[in-house]
Amino acid sequence: MFGISFSELLLVGLVALLVLGPERLPGAARTAGLWIGRLKRSFNAIKTEVEREIGADEIRRQLHNEHILQMEEQAKRILDPSRPATPSIGNSETPAPPTTPAAPGSSAPVSPAAPTEPPQPPRAP
């Protein structure tokens, strides 16, 4: 990780033995180990929190982009009504059925066009 070889580690251990003495060296090693463990746990907790925040930010960004796309589709439909409406995700609007114009001179109301079926031949018994 830091590029410390075994010989360098052995040298640090010998210097610590000379400085601290044989009575205090085990307690100092234990304390150093506890501090290193706490630092590792703290860094892992911070790393997990940052990854969670990045994930939440990504979800927020995706939702925002979807909202912008929906607003853009609505604006296009408003500005260009001759275009056929394309269904989008989360869009509950359905286009109205086409209507047939009334014959000139008649005052009958305009009704939706009904599909016409070809006449059926009579069935043989």
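Which residue lies over the face of Trp35? Hold that for a moment.

Ground rules come before the structure. This is a predicted model, where local features need pLDDT of at least 70, side-chain atom pairs count only at pLDDT 80 or more, and totals for chains, interfaces and linings use all residues. Residues are numbered from 1 along each chain as its sequence is written, and side-chain values use heavy atoms, with hydrogens and water left out.

Back to the ring. Arg38 lies over the face of Trp35, 5.3 Å from the ring centre. The criterion is NZ of Lys or CZ of Arg within 6 Å of the ring centre and within 35 degrees of the ring normal. What about aromatic pairs? The whole structure has 0 of them. A pair would need ring centres of Phe, Tyr or Trp (its six-membered ring) within 6.5 Å.

Now the overall picture. The protein chain has 2 helices and 0 strands. Both are DSSP runs: H or I over at least four residues for helices, E over at least two for strands, numbered from the N terminus. The protein chain has 125 residues, and 2% of them count as buried. Buried is under 20% relative accessible area, exposed is over 50%, and partly exposed is in between, with a 1.4 Å probe and protein chains only. The areas are Shrake-Rupley, 1.4 Å probe; for residues, only the protein chains shown count as cover.

On to helix α1. Its 15 residues reach 21 Å from first C-alpha to last, close to the expected 21 Å at 1.5 Å a residue. The expected span is 1.5 Å times one less than the number of residues. Gly21 follows α1, with a positive phi near 90°.

There is a nonpolar patch on the surface. Leu11, Val15, Leu18, Val19 and Leu20 form it, with about 500 Å² of accessible area together. Patch members have over 30% relative accessible area and no salt bridge; nonpolar side chains (Val, Leu, Ile, Met, Phe, Trp, Tyr) are joined within 5 Å, like charges within 9 Å. Take Leu18. It sits in helix α1, residues 6-20. Leu18 counts as exposed because its relative accessibility is 75%.

Next, charges. How many salt bridges does the structure hold? The count is 4. The test is a side-chain nitrogen of Lys or Arg within 4 Å of a carboxyl oxygen of Asp or Glu.

Here are some of them. Glu49 and Arg52 meet at 3.3 Å, N to O. They are 3 residues apart in helix α2, residues 25-79, so about one helical turn separates them. Glu49 is partly exposed, at 36% relative accessible area.

Asp57 and Arg60 bridge at 2.6 Å, N to O. They too are 3 residues apart in α2, about one helical turn. Asp57 is partly exposed at 33% relative accessibility, whereas Arg60 is exposed at 52%.

Glu58 and Arg61 form a salt bridge at 2.7 Å, N to O. Their spacing in α2 is 3 residues, about one helical turn. Glu58 is partly exposed at 35% relative accessibility, and Arg61 is partly exposed at 45%.

Why does that spacing work? An α-helix has 3.6 residues a turn, so residues three or four places apart point the same way.

How values were computed: Rings of Phe, Tyr and Trp (its six-membered ring) pair if their centres lie within 6.5 Å; planes under 30 degrees apart count as stacked, over 60 as edge-to-face and the rest as tilted.
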